[in-house]
Amino acid sequence: MQSFALYPFDPPGDVAALRADLRGWLAVNQPVDDIVARANCWASFDPDFSRALGAAGYVGMTLPAIYGGGDRHPLERYVVIEELLAAGAPVGAHWIADRQTGPLILRYGSDEQRERYLPGIAKGELYACIGLSEPGAGSDLAAVRTSARETAEGWRINGQKIWTTGAHFSHIMLALVRTEEGSERNAGLSQLLIDLDTPGITIRPIIDMAGNHDFNEVFFDDVLVPHGALVGTRGQGWKQVTAELGLERSGPERYLSSHALLVALIDAAGADPEPAIAGVIGKLTAEMWTLRQLSMSTAAKLAAGEDPMVEASVVKELGNAFEQDMPRRVQAIVDCAWDDKADLARLLRALLIASPSFSLRGGTREVIRGIIARGLGLR
Amino acid sequence: MSAAREMLCDTARAVLAGASDIAPVEEAGFALLLVAEEGGGFGGDWGDAHAVLHIAGMSAPNIPVAAVILSGLGDVSMPHRAAATVSLMAGAMGQALALSIDHVNTRQQFGRPLGKFQAVQQSLAVMACEVAAVDAAAAAMAARLDASGFDADAAVFEIAAAKLRANRAVGVVTSIAHQVHGAIGFTEEYDLHRVTIPLMRWRGEHGNDAHWAQALGRQVAVLGGRGLWESLTARAG
C-alpha cells in the first residue's frame, strides 16, 4: 500500500444527467426540515422520504431488476449517495439496508432470502440493522458469544447485542452469532437474518449524549428462527462480515457528516469574507476535495471487484478526523454563544456533541489504524 | 499506467538514481517532456510530468528537475510551479514512509522490531494516511491540468487544494518519520534528511499555507455553500 494509485472513477452513462435529475427530484421532494437534521443526515430517520426515494429508483440501485432493483453500476449509486449526503437528505431509515444488507443478501443469500427481502429493501420500505457488537465484544469482535444452536425446528438463539443502530425501527437484523458450540475467536461464527418481530426478542433504547435514540440493546431469549435464516456458509460468518465492512468504511458518509456546517459557514461568511475565515474555508475545502478523491478512488477499486481493505480504512481514518475536526475549527473562528438560536450556532453545537461518535462507529480509530499498519507490513 | 509512461518512468529512475547534478536530466531530454510532438518534443501530458516528478521527489529531491520539465511549457506561472512541487512532495513523502517502514521492521529494541509496538504502528498508520492523501491530491490535480490543457488558471482550484493538502502533510510526515527513526535519522550519513529537508523547504515555496488558503477560500466564498458542491462535481477529476 506504499503508493495510493488513484483508481479512475468512471461510472457508465450520463453522470451529469443523473446528478441533474436527482437534484431536480430533491428540490421537490426533500422535506423542508430543520438545518440541524441536515448534518449527520445518514442518521436521520424519515420513512416517508425513504419510500419516496425508493419509488423514484434511488434505493437498491445496484440490485438486479428481478428483485425490484435498478440494475445500475455501483459508481452510479455512489454518485447518488454523495448527492443525497451533500444535500443533507434524511436517508437514515434505509441507509444500512441499502448500503450493506441488500448487497450482502444478494452475494451470500439464498434465492428464498433474496425474493423475500430484496424487493422491500429496493422500495425503501424494509429496514435493517447490524448485530455485531456485544457487551463483551466491541473492538474485539471475535469475542462474540451470542449463540445459535441448530435444532429440528430451526436455529435457537440466546444472547445479547448492543449499540445496535436503528434496531427499534428495523424489520430485520443481520447478526453475527456463534453456531458451533465450543468454538473460539473468529472460527465457528455464522450470519443469521433475523426477523425482529420474532417472539423472544426484546429491544431497549440507549439514549446517546445528544439526547437521541439511535442505538439499542437487543436481547435474544430462546428465539427460534427457521433453518433458512442462515446467510451464506455456516462457519464463514467472520469472512462474510469482514467483506461487509469494506462496503461500510469507504463511502462518502465518512467525510460528509459535517458537510452542512461547511455550507453554513461559507454562506454565513458571504462573498467577501475576512481573511481568517477565508483561510479556514480554504483549508477545509482542500481537505474535503482530497477526501472526495480518495473515497471515489476506493469506490472505483471496490466496483472493479478488488478488495481495498486498507484504502477503505485510510478513507475512514482521514474522513473521520476531518469531519470531527471541522466543528472545532469553525468554533475557533466563529463568535457565537453556546445557546445561540441562529442556524450556524445550532448546527455547530449539534456537530460538536455528535462528533465523538464519528471515530467510534464502523470501527474505532485505533482498530482502523491497526488495519492500516498491517497493510504496511508492520503486524 | 500506459506502456509509454512505464518506459518514461524507467528512464527517469535510471537517470535520477545517484545523479548529483542536473546535467544528466538535461541530457536525457526532460526539457522536451511537455513540448508537443509537432514542436519537436516528447508530447507528454501532465500525468507524465507528475510521474517523473514523483520519482524525482523520491530519489533526487535536491536537483531542480521541476524547472527543467517546466521549461518546456514556455509560459510558466507560479501555479504551474506549485503544481510541480506537489508532485515532488508526494514522491518525497512516499520515500520518507518507505524509509520509516524499513527502519521499524529492522531496528530491534526491547527484544523485537520497533514495528511490533502498537505505538509505532499507530504513528506510521497516521503517516501513511497523509502520504495517501497527498498522492491522491497530486494525481487528481494532474488529471485536472490535463483536462484543462495545462491551463493553470482553469486548474487553480485543484492546484490550490493539492498544494494546501501537501503543505499540511509536511508537518505530520516529517515529524513521524524522524520520531520513529530516532537518532540515526538525525545524522548526515543517513538518507532521511535527503527527503525531509526538501519537504520543509517546499512547504514554503510557490505558495505557503496562508497564500493558498486565502486564494482557495476566496474562490469558494464566491461560489457559496451549495455552489462549492456544484462546482466540485462539475469539474473533471
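Start with D195(A) and R116(A): the two form a salt bridge, with their closest N and O atoms 2.5 Å apart. Bear in mind that this is a predicted model, so every distance and area I quote is computed from it.

Where does that pair sit? Chain A is divided into domain 1, residues 15-126, domain 2, residues 129-235, and domain 3, residues 250-375. R116(A) falls within the bounds of domain 1 and D195(A) within those of domain 2. Between domain 1 and domain 2 of chain A the count is one salt bridge. The count of residue pairs in polar contact between these two domains of chain A is five, with both residues at pLDDT 80 or more.

On the domain 1 side of chain A, α4 (92-108) and α5 (111-122) each supply at least two of the residues that touch domain 2. The largest share comes from α4(A), with eight residues. By type, that side divides into nine nonpolar, five polar and two charged residues.

Now the overall geometry of the pair of domains. The C-alpha centres of domain 1 and domain 2 of chain A lie 25 Å apart, and the contact takes 16 residues from each of the two. The size of an interface is often given as the accessible area lost when the parts come together. Here the area buried between domain 1 and domain 2 of chain A is about 1,300 Å², and carbon and sulfur atoms give 67% of that.

Next, the contact between chains. In chain B, 48 residues are in contact with 51 residues of chain A. The two chains bury about 3,900 Å² between them, 69% of it on carbon and sulfur atoms. Q122(B), C129(B) and W229(B) lose the most area on the chain B side, together 16% of what that side buries.

How many salt bridges are counted between chain B and chain A? The count is two. In one salt bridge, the side chains of E83(A) and R226(B) meet at 3.6 Å, N to O. Six residue pairs are in polar contact between chain B and chain A, both residues at pLDDT 80 or more.

Several helices of chain B each supply at least two residues to the side touching chain A, among them α5 (78-106) and α10 (225-234). The largest share, 16 residues, comes from α6(B). That side of chain B divides into 28 nonpolar, ten polar and ten charged residues.

Definitions and conventions
Residues are numbered from 1 along each chain as its sequence is written. Chains are lettered from A and ligands numbered from 1 in the order in which they are written. This is a predicted model: local features need pLDDT of at least 70, side-chain atom pairs count only at pLDDT 80 or more; totals for chains, interfaces and linings use all residues. Side-chain values use heavy atoms; hydrogens and water are left out. Domain bounds come from an automatic or database domain assignment. Contact means heavy atoms within 4.5 Å. Buried area is the accessible area (1.4 Å probe) that two parts lose on being put together, summed over both. A salt bridge is a side-chain nitrogen of Lys or Arg within 4 Å of a carboxyl oxygen of Asp or Glu. A polar contact is a pair of N or O atoms within 3.5 Å; within protein, one must be able to donate a hydrogen and the other to accept it, and residues adjacent in sequence count only if both atoms are side-chain atoms. Helices (H or I, at least four residues) and strands (E, at least two) are DSSP runs, numbered from the N terminus. Ala, Val, Leu, Ile, Met, Phe, Trp, Tyr, Cys and Pro count as nonpolar, Asp, Glu, Lys and Arg as charged, and the others, Gly among them, as polar.
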